[in-house]
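Please look through the model shown here before reading my comments on it. They are written as numbered points, each of which can be checked against the picture.

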Amino acid sequence: MDILKNLNSRLTIDSDLVEIVPGGEEDIKEVIEQSPIQLPEDYLNFLHAISGSKKSCITFLVDKSDDSTLSISIWSARYSLEALEEFSDSISDDEFFDNAWMIGDDLGDFVYYYAEGKEGFGLYRDEAGILCIEKAEKIADSLTDFLVKGIGIDVALTYPIRKRN
């Protein structure tokens, strides 16, 4: 399924921050080689659709019921590799980087990633400075569930109530 052609009605592509260009085959190959986990086909197909541009991501705007707008950013293959380097230099938790692959953020405090977490394999989110799979919140089982079916949009954008240890 083409995620970009079937976006959830709550999402719109931020046209100011995107240039959708297919490609980036070498970067995608490197993502597959660098990822410590098997990445889902829908995510890899999505990367093929957006990674030919020099832009770092595709950003989706989410209209909320209170007339505010929040953002969900899914990184290109090249930027995922750059983020891996940046985050692994500043966060010394090898367990996280051995078991997860970061795919985006909310242009703020949260990072989105694939991992096998407490609720099984899927998309999770956590605070950028913490990145703890065991304490992360699951967003959805897949990128398609998230961006097409709308599963987890509210989870992805709300601040967690629980306290972190």
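Predicted model: local features only at pLDDT ≥ 70, side-chain atom pairs only at ≥ 80, totals over all residues.

1. Residues are numbered from 1 along each chain as its sequence is written, and side-chain values use heavy atoms, with hydrogens and water left out.

2. The mean pLDDT (the predictor's confidence in each residue, from 0 to 100) is 85 for the protein, and 83% of the residues reach 70 or more. Helices (H or I, at least four residues) and strands (E, at least two) are DSSP runs, numbered from the N terminus.

3. The structure holds eight aromatic pairs, where rings of Phe, Tyr and Trp (its six-membered ring) pair if their centres lie within 6.5 Å, and planes under 30 degrees apart count as stacked, over 60 as edge-to-face and the rest as tilted. One of them is tilted, because the rings of Phe46 and Phe60 have centres 6.5 Å apart and planes at 40°. This pair links distant parts of the chain, with Phe46 in helix α2 (residues 41-50) and Phe60 in strand β2 (residues 57-63), 14 residues apart. Phe46, at a relative accessible area of 2%, is buried, and so is Phe60, at 0%; buried means under 20%, exposed over 50% and partly exposed in between (1.4 Å probe, protein chains only).

4. The rings of Trp75 and Tyr79 have centres 5.3 Å apart and planes at 75°, so this pair is edge-to-face. Trp75 is buried at 2%, whereas Tyr79 is partly exposed at 25%.

5. Where is Ser80 placed? Ser80 belongs to helix α3 (residues 77-90) and counts as buried, with 1% relative accessibility. Leaving aside neighbours within four places in sequence, Ser80 is in contact (heavy atoms within 4.5 Å) with Tyr43, Trp75, Trp101, Met102 and Ile103.
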